[in-house]
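Subject: Structure handover

Hello,

Here is the structure I said I would pass on. My notes on it follow below.

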Amino acid sequence: MGAIKGPLKATALFLFVLLLFQSCVVYHKTPTTLEKASQERIKTKITNIEGETFKYKYVTFEEGQFYGVHEPEEFGEFVKVPLESEDIINVRTKNKYASTWVTILVITVPALAIVALAVIDSSYPGGLWY
């Protein structure tokens with residue numbers, strides 16, 4: 001039973017870290033417009049004239065008004081926040097390509113480092129750290 005607990009804990013930790021990094025988002029460096037952001041319907045980061053940054057699941061345009069849509073703090077329907085164009089200085093949308101690569105690199109590089117350390121440790125009699 002004790003022989004199973006070690007690998008099981010390591011697997012659970014690995015899956016937790018994997019889940020944690022799935023939420024990594026990289027935004028485009030060049031700003032876009034609210035119109036383009038509403039057409040793409042992807043994660044959007046908006047900075048207003050006061051320097052506050054807001055992240056939305058997507059931006060939508062309904063009845064002549066832009067809305068930032070985000071998930072509620074509790075389970076329920078999505079919340080629409082009206083956006084005022086004149087108060088916004090920066091609109092950046094999610095860079096899907098970069099987000100995917102960052103997630104892959106953040107997961108694989110540490111995993112490869114752990115495997116390399118395990119291989120090096122197993123090649124020394126009695127282990128590397130004793």
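F61 stands opposite F66, a residue of β4. The strands concerned, β3 and β4 (residues 65-70), pair in the antiparallel sense over 5 bridges; strands count as DSSP runs of E with at least two residues, helices as runs of H or I with at least four, both numbered from the N terminus, and pairing needs at least two bridges found by DSSP.

This is a predicted model, with pLDDT of at least 70 required for local features and 80 or more for side-chain atom pairs, while totals for chains, interfaces and linings use all residues. Residues are numbered from 1 along each chain as its sequence is written, and side-chain values use heavy atoms, without hydrogens and water.

β3 and β4 belong to an open antiparallel sheet of 3 strands, ordered β3-β4-β5. Its edge strands, β3 (58-62) and β5 (79-83), each pair on one side only.

Another open sheet of 3 strands, also with antiparallel pairing, has the order β2-β1-β6. Here the edge strands are β2 (53-56) and β6 (88-93). Strand β1 (residues 44-48) is joined to β6 by 5 bridges, and I46 stands opposite V91 in β6.

I46 and V91 also sit in the largest nonpolar core, which has 9 residues, F66 and A37 among them. Such a core is a set of buried Ala, Val, Leu, Ile, Met, Phe, Trp, Tyr and Cys residues joined through side-chain atoms within 4.5 Å, where buried means under 20% relative accessible area with a 1.4 Å probe, protein chains only. Both α2 (34-40) and β6 supply at least two residues of this core.

Regards

Conventions. Buried < 20%, exposed > 50% of the residue type's maximum accessible area, 1.4 Å probe, protein only.
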